[in-house]
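I opened the notebook to go through this structure one item at a time.

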Amino acid sequence: MLRVFHHYFSAKKLTFFLAESSAIALACVMGAAACAALFAPAGTRPPLSTLWPTLLGLGAAFVVTFQFTLYLLDLYDLRIAAEDRTRGYRFLKAAGVTAMVAGGVMLVVPLVLPVALPPGALLGGAMGALAGTLVVRVSIRALVGAPHDVLIVGDGLKARAVATAIEAGGEGSYRVVAMVDPTALDEPLDQLAARLGAAFVVQAADDMRGGVNWVESLLACRLQGRRVYDATGFCERVLRRIPVQFLRASDFAFADELTVSPLRRALKRAFDLAVASLLLGLSAPFLLLVAVAIKLDSRGPVFYRQERTGRLGATYHLWKFRSMRTDAEKNGAVWARANDDRVTRVGRFIRRTRIDEIPQVFNVLMGEMSFVGPRPERPVFVAQLKQQIPFYGLREAVKPGLTGWAQIRYPYGASVEDARNKLEFDLYYVKNGSLFLDMGIIFHTVRHVLLGRGAR
């Protein structure tokens with residue numbers, strides 16, 4: 001794992017992405033140059049030196065288009081990428097979309113810019129980009145290696161929870177080779193780790209009594225070059241979530257990351273204002289059409305205001321486009337659910353595309369929310385969840401956001417158990433949030449909006 005501005009991300013995934021970028025660009029330029037030379041009429045072959053700017057631009061266009069399409073289809077999830085290597089369904093879909101987009105762009109660009117591709121260059125570039133991507137995809141195991149082996153010290157509830165989290169969120173980069181009771185081993189723990197070839201050793205024993213007898217073996221594992229973590233540290237660094245059942249108050253009380261300097265707060269506020277203003281300016285004409293559609297579709301106001309809990313427990317009124325009937329909560333507040341019959345026809349569309357949430361930019365501009373942060377919840381639900389979920393109030397350490405780490409990492413939550421799972425991602429953001437992570441979350445949010453994920 002690499003750490004940039006407190007945020008952890010996969011070195012394997014970065015290696016894979018950069019290798020594919022290079023392969024697409026190189027193969028695209030070579031293919032375009034070869035076809036341009038092959039299809040040029042006799043005696044009119046242009047000097048290669050005059051083609052380089054155009055060919056490099058073509059390569060860059062294919063890199064951006066192809067890789068963004070692969071990203072939309074989850075093909076930078078290493079587990080899905082490895083599975084698709086044999087079937088190729090997602091890859092072929094990405095190649096088809098890229099070909100259509102590239103063809104459309106190349107038809108339009110000459111009309112607005114003085115750029116003329118030599119005959120055959122587009123075909124050669126497309127074939128080259130496809131070949132370069134295929135080489136990388138077929139060689140995925142050689143590039144990223146086998147999954148890291150994880151030895152879990154413990155065989156109780158905590159150990160099983162770590163194993164389940166690895167299976168659910170490890171993206172195929174980690175596999176559990178053993179869960180062992182450290183008090184019942186016939187050989188030192190460091191020797192067992194060496195014999196199993198474990199790259200990671202995770203201390204997840206439910207009971208630490210007698211730990212003095214094997215903690216020295218954990219130190220020996222560290223000195224051998226293995227990564228040694230407790231359950232909380234492993235989930236935070238590798239899975240980028242902080243499981244509630246492992247959390248101790250001291251984990252946050254002694255966390256330097258929670259101390260936010262005035263400069264960082266000012267930069268965060270400036271970022272919020274810039275992004276919210278940009279979104280509002282770009283979407284204003286479309287929002288007028290949405291308002292008219294809501295008014296024509298059902299009786300009631302275009303907007304609705306609802307009380308939500310903000311930073312440090314303060315309440316404020318959140319703005320949204322109305323997507324439900326006006327009598328949706330005549331019997332009291334209830335969780336939203338799949339295929340909710342209270343949703344109007346227009347409301348179903350704007351909820352699926354998250355257009356209903358755009359008016360929250362006014363809350364961002366007023367300083368009641370950030371653009372990125374935990375999802376704002378209603379006070380009635382917050383009071384209930386604080387009683388049922390330990391440390392739920394920690395999410396109030398930062399302002400709620402229009403989008404957030406939990407929103408892009410976990411499906412829409414509509415139960416106490418969902419709230420518990422989402423809290424684990426919110427706690428990661430509370431501890432490791434930064435402008436770098438905010439920009440990454442906004443980028444991922446674009447995919448969720450385009451694909452209609454995480455909305456009801």
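Below are my entries, from overall figures to single residues.

**Entry 1: overall figures**

I noted that this is a predicted model. I looked up the secondary structure and found 18 helices and 10 strands. The protein has 456 residues, and buried ones make up 47% of them. I then checked the contacts with a separation of 6 or more: residues 24 or more positions apart account for 76% of these.

**Entry 2: salt bridges around Asp74**

I searched the whole structure for salt bridges and got 14. Side chains of opposite charge can pair when their charged atoms come close. Which residues are linked with Asp74 in a network of salt bridges? I found Arg90 and Arg447.

I took the Arg90 pair first. The side chains of Asp74 and Arg90 meet at 3.7 Å, N to O.

Then I took the Arg447 pair. Here the side chains of Asp74 and Arg447 meet in a salt bridge at 2.9 Å, N to O. Arg447 belongs to helix H18 (residues 435-451) and Asp74 to the loop between H2 and H3, so the pair ties together parts that are 373 residues apart in sequence.

Asp74 has a relative accessible area of 15%, so I logged Asp74 as buried. Arg447 is at 12% and counts as buried. Arg90 is partly exposed, with 28%. The cut-off I used for buried is under 20% relative accessible area.

**Entry 3: Arg195 and Glu187**

I looked up another salt bridge, between Arg195 and Glu187. The closest N and O atoms are 2.5 Å apart. Is Arg195 buried or exposed? Its relative accessibility is 56%, so Arg195 counts as exposed. Glu187 is at 24% and counts as partly exposed.

**Entry 4: Gly31 in helix H1**

I moved to helix H1 and placed Gly31 there. Gly31 is buried, with a relative accessible area of 15%. Which residues are in contact with Gly31, leaving aside neighbours within four places in sequence? I found Gly124 and Gly125. I also checked Gly31 against Gly128. The two glycines are 97 residues apart in sequence, yet their C-alpha atoms are 4.8 Å apart in space.

I picked out Phe17, which lies in H1. Phe17 has a relative accessibility of 33%, so I logged Phe17 as partly exposed.

**Entry 5: H15 against H17**

I looked up how helix H15 (residues 379-388) packs with helix H17 (residues 416-432). The angle is about 75°, and the axes are 11 Å apart. That makes H15 roughly perpendicular to H17; the range for that class is 65 to 115 degrees. I then listed the residues that meet. On the H15 side they are Gln384, Leu385 and Gln388. On the H17 side they are Val416, Ala419 and Arg420.

**Entry 6: positive phi values**

I looked for residues other than glycine with positive phi and logged two entries. For Leu312, phi is near 60°. Leu312 sits in the loop between strand E7 (303-309) and strand E8 (315-321). At 64% relative accessibility, Leu312 counts as exposed.

For Phe391, phi is near 65°. Where is Phe391 found? I placed Phe391 in the loop between H15 and strand E10 (401-403). Its relative accessibility is 28%, so Phe391 counts as partly exposed.

Conventions. Residues numbered from 1 in each chain as written. Predicted model: local features only at pLDDT ≥ 70, side-chain atom pairs only at ≥ 80, totals over all residues. Heavy atoms only, no water. Helix = DSSP H or I, 4+ residues; strand = E, 2+ residues; numbered from the N terminus. Buried < 20%, exposed > 50% of the residue type's maximum accessible area, 1.4 Å probe, protein only. Axes fitted to C-alpha atoms, helices over the stretch in contact; angles between N-to-C directions. Parallel < 35°, antiparallel > 145°, perpendicular 65-115°, else oblique. Contact = heavy atoms within 4.5 Å. Salt bridge = Lys/Arg side-chain N within 4 Å of Asp/Glu carboxyl O.
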